[in-house]
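Please look through the structure shown below, with an eye to its aromatic rings and its backbone angles.

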Amino acid sequence: MSGSAAKPLIVQSGRTILLDVHADGADDARAAIMLFAELEKSPEHIHTYRITPVSLWNAASSGLKPADVKKALTNYSRYDLPAGIMENIVDTMARYGNIKLVKEDSDLILKCAKPEIAAELDAAKPLKKLITPKNGNFVLKMEDRGTVKWELIKLGWPVEDIAPLKEGEYLDFSLRCADAFAKSEGSEVNESVKKYKNEKKTENTQDMALTAGGKPFYLRPYQSAAVRSVVGKENDVQGYGVVVLPCGAGKTLVGMAIMAALKTNTLILTTNTAAVHQWIDELLDKSNISRENVAEYTGHSKKSAPITIATYQIITWRPSKNAEFIHFKLFRERKWGLIIYDEVHLLPAPVFRITAELQAVRRVGLTATLVREDGAESSVFCLVGPKRFDVPWKDLENLGWIAEAFCTEIRVSLPEDLKITYASAEKREKFRIAAENPAKTDIVQQLVENHGDDCILVIGQYIEQLEEIAKNLKCPLITGKTPNAKREKIYGAFKSGEIKLIVVSKVANFAIDLPDASVAIQVSGAFGSRQEEAQRLGRILRPKNRRSNFYSIVTSGTAEEEFALNRQQFLTEQGYKYSIRYWHE
């Protein structure tokens with residue numbers, strides 16, 4: 001048993017897999033299991049993966065067989081596999097491919113491998129109005145393609161969708177750096193994923209190019225692997241799925257490289273107008289595209305071009321609750337060959353509906369975390385596509401691609417004059433009283449003084465609190481009411497080093513590129529949101545020649561401390577060092 005004791009995996013009967021990152025063969029084991037298991041936690045020593053029906057169906061869709069799963073588990077498992085686990089895996093994977101979605105002439109057809117499966121579909125109430133029996137199969141409308149797939153996966157029947165994807169209108173689009181890799185003709189995707197871990201941050205002079213602004217850039221090894229995972233090989237029915245990369249790891253460049261591989265009209269959806277402008281800047285800086293071929297579709301400008309960038313907010317606007325979403329017309333305005341969902345974990349529910357109708361279009365989701373507080377991750381999987389690529393934050397930190405970060409929770413007491421008010425308040429109001437603790441202002445002041453050489457973001461939830469802090473620090477404040485022109489002027493001054501301190505509300509949680517920020521001070525958050533914590537930490541993860549610090553100021557002994565435990569758990573599960581300090585005046 002001495003030889004097997006050194007193996008890196010412990011497979012448990014509940015379909016969880018523990019990976020000992022210090023054991024021999026841990027990297028090889030990780031590369032093997034990530035093809036059929038989902039990473040859940042990645043702290044310092046033991047990473048946790050879970051085998052789920054969706055992860056097994058995703059593996060089956062990529063050509064993996066139960067024998068391949070068994071080989072990976074037995075090769076790297078420290079102990080014998082639990083009884084029944086392989087039988088369960090075989091049964092689950094066998095469900096994939098029993099229902100195929102194909103196109104015959106002008107009809108979209110569901111084909112069932114067995115009559116009993118067809119009988120189950122025929123009896124399913126959610127499918128009654130969506131599919132029509134025909135010669136032992138079922139016919140459905142093109143616009144119901146996504147909805148039918150979603151209903152079937154809830155019944156435990158993943159659809160093998162081999163109906164062809166539409167070709168969008170051609171667009172001559174390429175990156176200024178080498179992008180010929182995108183149509184992978186060399187090593188398989190899983191080999192590419194494995195190899196990126198062995199390539200530390202180096203200046204890749206062979207593939208180096210200059211941006212329009214004269215700065216050197218190239219595709220990093222893991223970015224190339226991410227693009228291959230989505231684009232696949234020349235004849236694959238692929239071109240859809242989700243790429244998960246930490247903030248600061250270059251998700252925008254991955255999206256652009258996918259565009260370069262597919263060379264087609266592209267619609268990009270993102271979180272806010274500032275993010276729209278950042279996409280435009282990146283496209284003009286790092287590709288051959290001209291300004292007239294890029295359009296902004298926001299509250300300020302509603303134009304369309306071969307590359308159009310829109311906000312989720314404008315797409316989901318309607319004049320009244322029961323009115324139509326009038327801007328959904330943008331999805332049909334051009335012959336799009338690719339839709340990119342930036343920050344796909346924020347995909348609004350109304351966009352699920354239109355995305356369900358767009359299953360024939362290549363679509364890619366980009367995100368730092370697939371965590372959704374509403375639990376709708378499976379909707380993203382079904383409608384945008386399966387997760388194609390995921391890299392633990394700490395892996396990229398260890399390789400030097402993102403900054404080393406230290407997380408500190410500072411706990412401070414509630415002032416005596418607020419304790420009675422807090423005790424008698426309703427639960428939601430308790431949280432706000434604790435979050436707006438006036439004692440936090442002095443702590444922020446001290447932290448800013450302690451980091452005099454750093455570029456600092458002070459982030460919070462409540463506007464009055466942020467106004468008070470900004471006034472005390474004598475620095476700019478950005479909230480939802482700040483005009484876009486003023487926001488971008490402040491962001492520009494921060495990037496140039498003209499100012500080194502800004503106070504921001506939750507509008508800065510997403511898709512804001514502030515590469516020199518090295519300190520974030522969180523004074524209030526959204527009820528322990530893991531999603532928000534990931535995004536706020538991401539503001540300071542761009543690689544730089546100093547470590548980054550993330551401070552979260554919490555009122556001890558209150559509801560805020562309870563919610564902070566959720567955020568703390570999320571960060572430690574990602575492998576970040578998390579310490580707690582008590583503030584004493």
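## Charges over rings

In this predicted model, the charged end of K286 is placed over the ring of F217, at 5.8 Å from the ring's centre. A second case involves an arginine, for R388 lies over the face of Y240, with a distance of 5.1 Å to the ring centre.

## Aromatic pairs

The structure contains 3 aromatic pairs. In one of them, the ring centres of Y222 and W401 are 5.9 Å apart and the planes meet at 70 degrees, so this pair counts as edge-to-face. The two partners come from distant parts of the chain, 179 residues apart, since Y222 belongs to helix α8 (residues 221-231) while W401 sits in the loop between α15 (393-398) and β19 (405-412). Both Y222 and W401 are buried.

The rings of F325 and F328 have centres 5.0 Å apart and planes at 20 degrees, and the pair is therefore stacked. F325 and F328 are both buried, and together with F331 they make up one aromatic cluster.

## Positive phi angles

Most residues other than glycine have a negative phi. Against this background, which value of phi does E343 have? E343, although not a glycine, has a positive phi of about 50 degrees, and its place is in the loop between β16 (338-342) and α13 (349-357). With a relative accessible area of 3%, E343 is buried.

K474 is not a glycine either, yet it has a positive phi of about 55 degrees. K474 is found in the loop between α19 (463-473) and β21 (477-478), and its relative accessible area of 73% makes K474 exposed.

How values were computed: Residues are numbered from 1 along each chain as its sequence is written. This is a predicted model: local features need pLDDT of at least 70, side-chain atom pairs count only at pLDDT 80 or more; totals for chains, interfaces and linings use all residues. Side-chain values use heavy atoms; hydrogens and water are left out. Rings of Phe, Tyr and Trp (its six-membered ring) pair if their centres lie within 6.5 Å; planes under 30 degrees apart count as stacked, over 60 as edge-to-face and the rest as tilted. Helices (H or I, at least four residues) and strands (E, at least two) are DSSP runs, numbered from the N terminus. Buried means under 20% relative accessible area, exposed over 50%, partly exposed in between (1.4 Å probe, protein chains only). A charge sits over a ring if NZ of Lys or CZ of Arg is within 6 Å of the ring centre and within 35 degrees of the ring normal.
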